[in-house]
Structure formats: structure tokens, C-alpha cells
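I opened this entry to keep track of what I looked up. The notes follow the order in which I checked things.

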Amino acid sequence: KKRNPGQNEFVQAVQEVAEDIFDFIADKEDYHAQQILRRIAEPDRVVSFRVCWEDDAGNIRVQRGWRVQNNNAIGPYKGGIRFHPSVTESVLKFLAFEQTFKNALTGLPMGGGKGGSNFNPKGKSVREIMRFCQSFMTELYRHIGADVDVPAGDIGVGGREIGYMFGQYKRITGEFTGVLTGKGLEWGGSLIRTEATGYGAVYFLANMLAAKDRDLVGKTAVISGSGNVATHAAEKIVQLGGKVLTLSDSGGFIHDPDGITQQKIDWVKAHKTHRRGRIEDYVGEYKATTFVPGKTPWGVACDVALPCATQNELTGEDAKTLVANGCIAVSEGANMPTDLAGVHVFRAAKLMYAPGKAANAGGVAVSGLEMSQNSARRSWSEGELQQMLQDIMSGIHARCLTHGEQPGGYVDYVKGANIAGFKKVADAMLAFGVV
Ligand code: NDP
């Protein structure tokens, strides 16, 4: 806390990981002597820069941009770019720190990074977004590269924004390389990247249930968010026989007791992404449904819950409500959606609880596969990639079991993910000496 004053999200993320790592390294002298945990918790560098752009009315606007390069012990820095007014250096440092463990867990050679800006894309015209992306890349391009740092999308950054940034990178450098992932299929993108995070979170959930001889058929699911991760998680739940009851956005949540079917999910996707609409409009489209303004959906009784919106959207009280309502499993599509108190409730209740760094790693995993395809200048088929995603999620699940299985059959997935991710990065750092 003293080293990072005011950076609450970052301190929270480090604290959560350190709780598990202290136990694991207690008898491992090398990790202590080499100060590995301290070194992982200090980003390699934080680049902060001014992003200046002109709005449609001709006003000059100034935003701040960042790229946090946390650790490249096992591969080039890799992690998304977020455009949202809530972005601060603390938020990006926490995300880059988490990303380091997540990327290690995938088994692919990727280090951890994250970037973004406090720019608010809401209400901006397409031209304004393009100008902002170009200006952002005009500084960022000197810090990234296909073998150096490979950013991707995140909140507020989808295929359109990646396109504008890739175009600008190409214009400045004259190079067509795999410097960004989440690209369009015509210009180096990978099939199933869009679906991968949400699908992966549900595959992970299915793996947890299967380990207890259960499946998703007939299970009710409460999902938050209505963006990329939430809608694809909903889609996979429906495909595997479950029933989705809720979706949300920053305005509140909708509850559909009949279940949000594929056709309804398609409407949400079109409404939120293409029409840039609000989730509350769902109740005008589908009868016998309700919109609850300003609230998160955790009070709706369910078998499984998937927080897929943003950090700290599920509190200790929410966690208690979910447990009291009989929820058996939680799979985090978002990054750190459950606050520390909530994590403690889930772990104490011993329900199946998959932290984001394990459950939502499918997105970055397919990004890693996009990098491989770009390097080899080829593309794999949808079937091959679907299979690879499923295998990677099963692999992450198995790595979590290795370090997370507790006496009595309970699996502490948080501990398993933290230790497995840490060990891989730490062992690489040991090999490099003091650098
Ligand atoms: P999108 O921008 O597509 O969607 C974000 C959703 O969350 C929207 O419904 C948005 O509502 C809601 N939301 C955002 N901020 C808040 C807030 N402060 N309070 C309430 N709701 C909020 O982003 P993604 O779906 O891509 O990302 C969601 C989460 O998943 C993030 O935590 C991200 O880091 C994580 N993630 C994403 C990956 C990916 O591949 N996309 C990979 C791994 C993790 P509104 O429309 O009102 O803003």
C-alpha cells in the first residue's frame, strides 16, 4: 500500500494472490532469496502518455493513455486495451498483474500487460472514435511489436477500434505484422476469437461440474453484463442445455423467467453492439420480463452465476445471497468481478468458484493462437480452433486441480490458479537471474 498510494484495485489484486503464494513458497528458499513475488508485483514499466484529438465540433480534447508492461518472462507482453471513464493507472496495473498469471495458465508463451485510456466512447461519433484510436496508436506504436507487446480489445475496444488502431500502426511503421489481436478475419484475425472468452468461461464451468459428475442441463444461470463476454457466455449456456435468466449493463439488469433464448441473445447483441442501445429496452421487446434499474442481478435465485461485466460488481453481501439461494458454481467471465469479501464468502462456503484468471482465459488463449497463425501466415479452421479452445480450458482446469485440491474433495480454484500461474512465471524468472 505504501509503494502504491491510492492504487486500491492494484493492491487488492496483489493481496489476493499473495495470500495463496505465501503458503506455497513458505518452504521454497529460492523464491524468497530472489524476491520473486516482489518482482512480479512491480511492473516492468508503466508508460503514460497524452492523447490529444479533435471532436466533431472542432474542440481539442485531451485524454490520458497508458500501457502497463507487467512481465515478459515467458513471452511477449500480452493483454487488452480498455477505453472507459473508470480507467486509472491502478485499474490497468491490477489488470496487467492478473493477466500475467492468466496467460501463464493457458500454457501458451505469453507475458502480461494491459493498456487503455479514460476516454468514454459512449455518445461519440464513429469519426471521433477513429480519430481517438489513431491518436492513441500514434504514441503506443513505439512501445509495442509482434515480438514485444501485443495488445488486444477489452471493455470499449472491439473489432472496430482494433481496426482503426491496426490501420494506424500499419500506416506509421509500414509493417503488416501480428501486433494486435482481435483483428478482422480479412486482415489476420482468427475465427472464434470473438466468442472465445464467453464460451471458455462456460467450458470451464462445465469442467468444474463434470469433476463432480454434474452438467449444465436444466441449470438456471444468472449472468451480468451484455457485452462480448456476457452474450457469448449466455449463448454457450443455452447450447449446453442451461437456462439464462438475466443480463445487465451499467443501467441495471433484466430478468426473463422464461429464459433468454438464442434468438433473444441475437437481439441483445444487435441492440447493444450495432445499435449501441441499452439493456432496459429488452422489456419493450419481450413481454413478461422485468428491468431493475441501478442493480446487479445477484439476488435472482440460480444454480450457477457468471459475472461478465466489470471489476468489483459482486460484493460480499451479493456472495452471501447467492450462497443462501443455493447457487452451486460461479465462473468469472469478467476480470476480478468479485471483491475480496465476496471471494472469502465463496471460499468459505466451498462452492465451485472459478476466478477470472482461470475462467476467462479462453479469450487470450485464442489471441495466442491468432499470434501463432500470424507468425506462420496461415489460418486454422473453426473446428480446429473450437477443439483447441476446449482443450486449453480443460488444461487450465487440470492445472488448477494440481495445486488447488484440498482434503475432503473440495477444490480451491483460486489457490490452484494463483499457484500454477505463479510457478511458471517464477521458475522462468529464476532461470534469468537478477534482471
Ligand atoms: P464489453 O464492453 O463488450 O461489455 C462490458 C459490459 O459490462 C457492458 O454490458 C457494460 O455495460 C458492462 N459494464 C462495464 N462497466 C460497467 C460498470 N462500471 N458497471 C456496470 N456494468 C458495466 O466488454 P467485454 O464483454 O469484452 O468485457 C467484460 C469483462 O470481461 C471485463 O472485465 C473484461 O476485462 C473481461 N474480459 C474480456 C475479455 C474479452 O475477450 N473481451 C477477455 C477476458 C476478460 P454498458 O454497456 O452500460 O457500459
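Which helix gives the largest share of the shell around the ligand? I looked this up first. It is helix α8, residues 228–239, which supplies three residues of that shell. I note here that the model is a predicted one.

**Ligand shell**

I counted 24 residues surrounding the ligand. The closest are Gly-227, Asp-249, Ser-250, Ala-334 and Gly-363. I then sorted the shell by residue class and got six nonpolar, 15 polar and three charged. I also checked which domains take part: domain 1 and domain 2 each give at least three residues to the shell around the ligand.

**Domains**

I took domain 1 as residues 42–177 and domain 2 as residues 194–350. Their centres, taken over C-alpha atoms, are separated by 27 Å. For the direct contact between them, I found five residues of domain 1 against four residues of domain 2. The domain 1 side of that contact holds three nonpolar residues, one polar and one charged.

**Helices α14 and α15**

I next looked at helix α14, residues 361–376, and helix α15, residues 382–404. Their axes come within 10 Å and cross at roughly 130°. Angles from 65 to 115 degrees count as roughly perpendicular and those over 145 as roughly antiparallel, and α14 and α15 are therefore oblique to each other. I recorded the crossing of α14 and α15 as right-handed. On the α14 side the contact uses Ala-361, Gly-362, Ala-365, Val-366 and Leu-369. On the α15 side I listed Leu-385, Met-388, Leu-389, Ile-392, Met-393 and Ile-396. By class, the residues of this contact are ten nonpolar and one polar, with no charged residue.

**Helices α1 and α16**

My last pair was helix α1, residues 8–25, and helix α16, residues 413–432. Their axes lie 9 Å apart, and the packing angle is about 70°. I therefore put α1 and α16 down as roughly perpendicular to each other. α1 passes α16 in a crossing that is right-handed. From α1 the contact takes Val-17, Asp-20, Ile-21 and Phe-24. From α16 it takes Val-414, Lys-415, Asn-418, Ile-419 and Phe-422. I sorted the contact of α1 with α16 into six nonpolar, one polar and two charged residues.

Note on methods. Residues are numbered from 1 along each chain as its sequence is written. This is a predicted model: local features need pLDDT of at least 70, side-chain atom pairs count only at pLDDT 80 or more; totals for chains, interfaces and linings use all residues. Axes are lines fitted to C-alpha atoms, for helices over the stretch in contact, and angles run from 0 to 180 degrees between N-to-C directions. Helices (H or I, at least four residues) and strands (E, at least two) are DSSP runs, numbered from the N terminus. Angles under 35 degrees count as roughly parallel, over 145 as roughly antiparallel, 65 to 115 as roughly perpendicular and the rest as oblique. A crossing is left-handed if the near helix is turned anticlockwise from the far one by less than a right angle, and right-handed if clockwise. Two residues are in contact if their C-beta atoms, placed from the backbone, lie within 7 Å. Ala, Val, Leu, Ile, Met, Phe, Trp, Tyr, Cys and Pro count as nonpolar, Asp, Glu, Lys and Arg as charged, and the others, Gly among them, as polar. Domain bounds come from an automatic or database domain assignment. A residue is near a molecule or strand if its C-beta atom, placed from the backbone, lies within 6 Å of it.
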